[in-house]
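Me: Could you walk me through this structure, one question at a time?

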Amino acid sequence: MIFKNIVGNEKNKELLKQIIYTNNIAHSYMFVGKESVGKFLFAKEFAKSILCLEKEKPCNKCKSCIEFDAYNNPDFSILNAEGNSIKIDQIRELTKKVYEKPVVSNKKVYIINDSDCMTKEAQNSLLKTLEEPPEYVTIILIASNDNLFLPTIKSRCTKIIFNKLTNSELAEVLKKEYEYVDIDDITFKIADRKCKKSIKIKG
Ligand SMILES: [Zn+2]
């Protein structure tokens with residue numbers, strides 16, 4: 001079932017599940033929240049479900065899901081910053097690909113990681129695509145600080161806010177990631193500190 005392996009932000013799970021089940025998928029989303037709250041994991045699972053070819057999404061068995069898990073799905077792509085920013089050339093490259101039709105699914109999904117570090121020029125370049133997206137495309141912008149976006153970019157995206165994990169959710173993450181850790185032996189304080197220092201929850 002979708003999101004079953006992701007800890008926390010339960011309301012967002014329900015919201016995104018609903019979007020998938022009703023096939024009411026927008027062209028652009030902004031996943032906003034502090035570091036290490038699971039934004040990237042959510043975005044990936046959401047993308048996989050959008051692209052899945054079966055009814056129960058993600059099925060983990062169809063061509064799209066298998067290729068997705070192998071980082072080999074031509075209808076999915078992740079854009080990361082180069083150095084400290086995402087530059088206009090990177091966005092140009094991405095938007096060129098956006099207009100190529102999907103290959104495996106009938107949709108395409110792009111994740112722009114740390115999208116709040118897009119330069120102003122890059123944002124302006126992306127804006128054109130957000131204004132007139134091909135009907136099959138969904139772009140997910142992941143960001144810690146949505147104040148860094150042009151208002152025109154913000155207004156085009158459906159914003160979804162991610163909250164910090166609670167102490168018990170953090171403990172659950174520890175348990176999952178480090179099975180040898182005896183949760184009863186560590187205080188939440190230590191768990192919290194460990195999470196901040198050494199456990200990098202993606203996104
Ligand atoms: Zn599938």
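Reply: Gladly! Two strands pair if DSSP finds at least two bridges between them, and strands (E, at least two residues) and helices (H or I, at least four) are DSSP runs, numbered from the N terminus. This is a predicted model, where local features need pLDDT of at least 70, side-chain atom pairs count only at pLDDT 80 or more, and totals for chains, interfaces and linings use all residues. Residues are numbered from 1 along each chain as its sequence is written.

Me: Which residue of β4 is the bridge partner of Y29?
Reply: Strand β1 (residues 28-32) and strand β4 (residues 137-143) pair in the parallel sense over five bridges. In β4, the partner of Y29 is I140.

Me: What is the order of the strands in the open sheet?
Reply: The sheet has five strands with parallel pairing. Its edge strands, β2 (76-79) and β5 (158-161), each pair on one side only. The order is β2-β3-β4-β1-β5.

Me: How many Å apart are the end C-alpha atoms of helix α5?
Reply: Helix α5 (residues 120-131) has 12 residues. The expected span is 1.5 Å times one less than the number of residues, so α5 should span 16 Å. The ends agree with this, being apart by 16 Å.

Me: Which helices do the buried residues of α5 pack against?
Reply: A residue is buried if 20 or more other C-beta atoms, placed from the backbone, lie within 10 Å of its own, exposed if 12 or fewer, and partly exposed in between. In α5, A122, Q123, L126 and T129 are buried. Contact means C-beta atoms within 7 Å. The buried residues pack against α4 (88-98) and α6 (151-156).

How values were computed:
Two residues are in contact if their C-beta atoms, placed from the backbone, lie within 7 Å.
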